[in-house]
Amino acid sequence: MTSTDDRMTPEELAAWQARKDAGRATAKSIEVQVAAAMAANPEVIDGFRLFCARMDVYSIRNAMRIFGQNPKATHVQPRFFWGGYGRAIAEPEAAIWIMAPKVERKHTKEVESPKTGEAETVEESYKFWPVEEVFPASATVPKNGPCPFCDTGEGQLCPDTCPVMQPQDGRIPSREDVTEALRKVLKQIGGFDASVLAALGDDPLGEYSDGVTWGTVTLTKGAAQGRKPKTRRYRFVHTVDMSRPGVRYAIAGLGVIWIGPYELAREGEPALQVQYGDNVTRAWELSHAHTWDSSRTVAGPHAPILNGVEFASTSIIYPTTSWDYFSPWRAGRARVPETTAQQMGQIVRQLLEHYHALPEADELDKEGARRRARRRAREAQEEVNRLAEQEARLASQRAGAEQRVAENRALAEQ
Ligand SMILES: [Zn+2]
């Protein structure tokens, strides 16, 4: 039993067990109902295969259980995972019961040997399929701040367009895969006659790629202190913005990080700018001002928060950047503490890898170079204008001086 169970009163434990038992019964009966319906109406099988792709990591049989309990479900996750997405369960009654993957436990016990009469240790193993509850995205709301994906306020329901609400980008199982699952589920009640599939004709489903693909970054904490390191996975979606140019990384449970070409980079020096939060567009000017006004390091919307430290402004990353000295600004007056900066460095390096591997990476580079060229042209033009003004002023001073020369010579010759 887990430590959570230890803290439950007997009444709570009984209620928890009853809830799980009811969930298990639901998961089992709904699976048979959905399978029987598909066997009777094989023309729905292809549609169900698409549903499976949208459910991504869940097995075909769990997709049947999910479909039976909530056919409108788009993206489902266990409660713990929703916490990782920075979301809270707003509708606990929307729970969907599925069966978690098989768990195999081994334990050893001492028995008396029938031959020798001495005690010996034998290993026993048993298997079980734990019942698990998952929740549809529609039952969750952003917590600890607005949604980093769609900006919906804390506790409010995100629109269907929010990446969190969208189906996943998964693999479509084959008709054979579904047949196999139907055979297993319907084994006790007459099985499944796969010959009905012949009437379906050619498979209309090719690749499915309408869903959301979540990237992940992994953060390892605590390794430096000689403790057992803990890892945490953050899920993110990215958006390429060529008008900026840059890539917006919305990272669940962390915040927003922009990566793009550094507009002030020198010729032949491919530097990137990492920006913490949205709308910090003038941060590069602040970071290059000779007189740094620390009161101006204001965190932007969706600024990343790590270990309670709110990041602000930008970091400039050169290919030769030494991550030992990676030292971002925090909101307020100071740099981020070293350990937290090191942890953000881990995340930024993984995002940089993702950035460089993007199909749009070259175009982002080129657009960055165009911006820099335009900026340099603008600066050079300002210099031209300044020199032209200076030239005009000098020309007028020279004309005056020449006139005085002429006047004085004329006077001298009188
Ligand atoms: Zn949202």
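**Secondary structure and overall form**

I looked up the secondary structure and noted nine helices and 16 strands for the protein. Here helices (H or I, at least four residues) and strands (E, at least two) are DSSP runs, numbered from the N terminus. The model is predicted: local features need pLDDT of at least 70, side-chain atom pairs count only at pLDDT 80 or more, and totals for chains, interfaces and linings use all residues. Residues are numbered from 1 along each chain as its sequence is written.

I then noted the radius of gyration, 32 Å, which is well over the 22 Å that the globule rule gives for 414 residues, so the protein is more spread out than a compact globule. This radius is taken over C-alpha atoms, and the globule rule is 2.2 Å times the number of residues to the power 0.38. Along the principal axes, the C-alpha atoms fill a box of roughly 140 × 60 × 40 Å.

I looked up burial as well: 28% of the 414 residues count as buried. Buried means that 20 or more other C-beta atoms lie within 10 Å of the residue's own, with C-beta atoms placed from the backbone.

**The six-stranded sheet**

I traced an open sheet of six strands in the order β8-β9-β10-β11-β12-β15, with antiparallel pairing. Two strands pair if DSSP finds at least two bridges between them. β8 (215-221) and β15 (314-317) stand at the edges with a single partner strand each, so one side of each is left without a neighbour in the sheet. Neighbouring strands are turned by 25° against each other on average, direction ignored. For such angles, axes are lines fitted to C-alpha atoms, for helices over the stretch in contact, and angles run from 0 to 180 degrees between N-to-C directions.

Inside this sheet I checked β11 (residues 255-261) and β12 (residues 272-276), which run antiparallel and are joined by five bridges. P261 stands opposite L272 in β12.

Helix α8 (residues 338-357) lies across β8, β9, β10, β11, β12 and β15, and runs at about 155° to β8. Contact means that the C-beta atoms of two residues, placed from the backbone, lie within 7 Å.

**The three-stranded sheet**

I found another open sheet, with antiparallel pairing and the order β1-β6-β3. Its edge strands, β1 (76-78) and β3 (96-99), each pair on one side only.

I looked at β1 and β6 (residues 131-136): they run antiparallel, and three bridges join them. Q77 stands opposite F135 in β6.

Helix α4 (residues 60-69) lies across β1 and β3, running at about 165° to β3.

Technical notes
Buried ≥ 20, exposed ≤ 12 C-beta atoms within 10 Å, placed from the backbone.
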